[in-house]
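Visitor: I am new to this structure. Could you show me how to read it, one feature at a time?

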Amino acid sequence: MSHLLRIDHLYKKFDSTEILHDINLKIDKGEVLVVVGPSGCGKSTLLRCINGLEDIQGGDIVFDGKKISGKNTKWNLVRQQIGMVFQSYDLFPHMNILNNILLGPLKVQRQNKKEAKDRAISLLKRVELEEKKDAYPRQLSGGQKQRVAIVRALCMNPKIMLFDEVTASLDPEMVREVLDCLLELAKDGMTMIIVTHEMAFAKAVADRVIFMDNGKIVEENLPKSFFDNPKSERAKRFLSRFDF
């Protein structure tokens, strides 16, 4: 079976500093891969390399059967299939929520306006934000803005979603609503790579967990095995800081 995403011997450096070293990953359609590890270990950089936001200095990235790590990659097309949601919401403050969501589907993908609008409203309803479609970003809480950012990415009909610490900037009471949204996506079979520091959530949502440290994959395992009985001493030390 061909993998939806395959990463072979990925190498990334900034100037002379090595950030990612010999990263090898395979992700199947419908799989949820959670990436954990200490701050600065390369987790976010890995996602940015997959989405073409960072150049790589070695290795290959193959998505949906096509190599996307070459110089001639048309990233504007690839990114329509690889959705990404960041810590910051990046919503346009002068546009209401519905228009923020529809900008990409209508301007970039030239989707049918009625169909795009119907899908946007359906997704807003699903994340319990339908009544906010005419509101502006300043009128929403952080958790609400992050759910809008997720809906915006989903409206591009991606084949895989990348989530980079999407709860990191939220107040604790807002974290749960965003994590519940990701759990629902997992139940629906959305292929996802999630970088998170929320260990209980990671254990609940992951099909597979990778633990990174110093730009390398130190450990890879099923969630129960990783969280209950980590193999490496480094992972044991990392997990000892959390209560989950």
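Visitor: Where is the place of threonine 73?

Guide: Keep in mind that this is a predicted model. Threonine 73 sits in the loop between strand E5 (66–67) and helix H2 (75–78).

Visitor: Is threonine 73 buried or exposed?

Guide: Buried means under 20% relative accessible area. Threonine 73 has 17% relative accessibility, so it counts as buried.

Visitor: With which residues is threonine 73 in contact, leaving aside its neighbours within four places in sequence?

Guide: Those residues are Lys67, Ile68 and Val78.

Visitor: Now a helix. How many residues has helix H5, and how far does helix H5 reach?

Guide: Compare the reach with the expected span. Helix H5 (residues 142–154) has 13 residues. From first C-alpha to last, H5 reaches 19 Å, close to the 18 Å expected at 1.5 Å a residue.

Visitor: How many of the residues of H5 are buried?

Guide: First, a general idea. An α-helix has 3.6 residues a turn, so residues three or four places apart point the same way. In this case H5 is mostly covered, with twelve of its 13 residues buried. Among them are Gly142, Val148, Ile150 and Leu154.

Visitor: What do the buried residues of H5 pack against?

Guide: Two strands are on the list, E6 (82–85) and E7 (160–164). The helices on the list are H3 (97–108), H4 (113–126) and H6.

Visitor: What about H6: how many residues, and what reach?

Guide: H6 has 16 residues. H6 reaches 24 Å from its first C-alpha to its last, close to the 22 Å expected. Its buried residues include Met174, Val178, Leu182 and Leu185. What covers the buried residues of H6 includes strand E3 (32–36), H4, H5, E7, E8 and helix H7 (199–205). Just after H6, glycine 189 takes a positive phi of about 90°.

Visitor: Where is cysteine 155 found?

Guide: Cysteine 155 is in the loop between H5 and E7. With a relative accessible area of 1%, cysteine 155 is buried. Not counting residues up to four places away in sequence, cysteine 155 touches Ile101, Pro105, Gln109, Gln111, Arg119, Ala120 and Leu123. Glutamine 57 is 98 residues from cysteine 155 along the chain, and their C-alpha atoms are separated by 32 Å.

Visitor: On to the spaces. How much space lies in the largest pocket?

Guide: For a pocket, read the volume, then the lining. The largest pocket holds about 600 Å³ of space. Its lining has 27 residues, of which Arg79, Met84, Arg152, Ala153 and Met156 lie nearest the centre.

Visitor: Which element gives the largest share of that pocket's lining?

Guide: That is H3, with six residues. H2, E6 and H5, like H3, each supply at least two. By class, the pocket lining divides into 16 nonpolar, eight polar and three charged residues.

Visitor: How many cavities of 30 Å³ or more does a search of the whole structure find?

Guide: The search finds one. Helix H6 (172–187) and strand E8 (191–195) each supply at least two of the lining residues. The cavity lining has six nonpolar, two polar and one charged residues.

Notes:
Residues are numbered from 1 along each chain as its sequence is written. This is a predicted model: local features need pLDDT of at least 70, side-chain atom pairs count only at pLDDT 80 or more; totals for chains, interfaces and linings use all residues. Side-chain values use heavy atoms; hydrogens and water are left out. On a 1 Å grid over the protein atoms alone, a cavity is a set of points where a 1.4 Å probe fits but cannot get out, and a pocket is an open set with protein on both sides within 12 Å along at least five of seven lines; lining residues have an atom within 4 Å of a point. Grid points are joined across faces, edges and corners, and a volume is the space filled by probe spheres set on the points. Helices (H or I, at least four residues) and strands (E, at least two) are DSSP runs, numbered from the N terminus. Ala, Val, Leu, Ile, Met, Phe, Trp, Tyr, Cys and Pro count as nonpolar, Asp, Glu, Lys and Arg as charged, and the others, Gly among them, as polar. The expected span of a helix is 1.5 Å times one less than its number of residues. Buried means under 20% relative accessible area, exposed over 50%, partly exposed in between (1.4 Å probe, protein chains only). Contact means heavy atoms within 4.5 Å.
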